[in-house]
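Visitor: I have a structure to look at and a list of labels to understand. Please take me through them one by one.

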Amino acid sequence: MLSSLHADNITNLEGDRCPYNGLEDVDALTLARGFTTGRQQHSGRSRTERRRLRRRILDSGGVFRPMVDVPANELVDIYLDLYRRRRGPNELPMGYRQAVTVFTHLKDMIAGDILCFDNRPVAMELIYKHETPRWLFVNGVQRGVDPEYRDQSIGSVLTFHNISRFEEEAVQKEKELRYSFGWN
């Protein structure tokens with residue numbers, strides 16, 4: 001698959017320039033809408049609501065912990081624990097046997113924050129980040145959330161928090177942010 005954003009960068013494409021069969025805004029299919037930047041910003045009302053939810057979580061003791069500060073083996077434990085909490089105690093994510101290897105070797109690409117209450121992780125997005133001279137690519141792979149906190153919209157709040165941080169970073173570095181939720 002080739003995004004319409006990159007069709008002009010490839011000189012030997014055959015047939016249609018972009019294999020999405022005429023969809024006008026195909027680059028937005030899996031990309032997060034911007035909160036403060038980009039063509040498809042969230043409405044002011046939506047941003048206000050997300051900030052309100054974030055403040056409510058912080059006021060009730062929630063803390064965002066940078067994943068970069070967490071050792072790889074601890075990230076694996078958090079990820080597997082939250083995955084099981086969300087999907088059931090006997091469920092494991094695809095490739096779980098290689099999780100320690102992946103988290104160790106790709107540690108410098110893992111980004112974002114973990115949401116904690118009372119020093120206990122309650123929400124985590126497995127996010128990989130990569131930069132080029134023009135782009136800041138962020139790829140969300142999987143989210144783990146503790147269902148005990150579902151009423152507080154912790155998954156949505158964490159996603160808002162992470163996207164906001166990456167937007168700020170992209171603006172500071174004068175790059176375009178591409179935050180992908182992956183293929184459904």
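Visitor: Why is R85 called partly exposed?
Guide: Its relative accessible area is 35%. Buried means under 20%, exposed means over 50%, and partly exposed lies in between, using a 1.4 Å probe and protein chains only. R85 at 35% is therefore partly exposed. This is a predicted model, where local features need pLDDT of at least 70, side-chain atom pairs count only at pLDDT 80 or more, and totals for chains, interfaces and linings use all residues. Residues are numbered from 1 along each chain as its sequence is written, and side-chain values use heavy atoms, with hydrogens and water left out.

Visitor: What makes R85 and D81 a salt bridge?
Guide: Their side chains meet at 2.9 Å, N to O. A salt bridge needs a side-chain nitrogen of Lys or Arg within 4 Å of a carboxyl oxygen of Asp or Glu. Side chains of opposite charge can pair when their charged atoms come close.

Visitor: How are R85 and D81 placed in helix α2?
Guide: They are four residues apart in helix α2 (residues 72–87), so about one helical turn separates them. Helices are DSSP runs of H or I with at least four residues, strands are runs of E with at least two, and both are numbered from the N terminus. D81 is partly exposed, at 33% relative accessibility.

Visitor: Which residues form a salt bridge at 2.8 Å?
Guide: K175 and E131, by their closest N and O atoms. The pair links distant parts of the chain, 44 residues apart. K175 is in the loop between α4 and β6 (176–180), and E131 is in strand β4 (residues 120–131). E131 has a relative accessible area of 29%, so E131 is partly exposed.

Visitor: Is E169 buried or exposed?
Guide: Buried, because its relative accessibility is 15%. E169 forms a salt bridge with K173, with the closest N and O atoms 2.9 Å apart. K173 is partly exposed, at 37%. Elsewhere, shared partners join D81, R85, R120, D146 and E148 into one salt-bridge network. The whole structure has 13 salt bridges.

Visitor: What makes H161 buried?
Guide: Its relative accessibility is 7%, so H161 counts as buried. H161 sits in helix α4 (residues 154–172). Setting aside residues up to four places away in sequence, H161 touches R54, F64 and D113. Contact means heavy atoms within 4.5 Å.

Visitor: What is in the largest nonpolar core?
Guide: It has 18 residues, and those with the most contacts inside it are L75, Y79, F103, I114 and M124. α2, α3 (99–105), β3 (113–117) and β4 each give two or more residues to this core. The largest share, eight residues, comes from α2. A nonpolar core is a set of buried Ala, Val, Leu, Ile, Met, Phe, Trp, Tyr and Cys residues joined through side-chain atoms within 4.5 Å.

Visitor: Which residues does L75 contact, leaving aside neighbours within four places in sequence?
Guide: M67, V70, F103, K107, I110, I114 and M124. A second, separate core has 12 residues, including I57, F64, L115 and A123.

Visitor: Why is D118 called exposed?
Guide: Because its relative accessibility is 74%. D118 lies in the loop between β3 and β4. Its phi is positive, about 50 degrees, although D118 is not a glycine. Most residues other than glycine have a negative phi.
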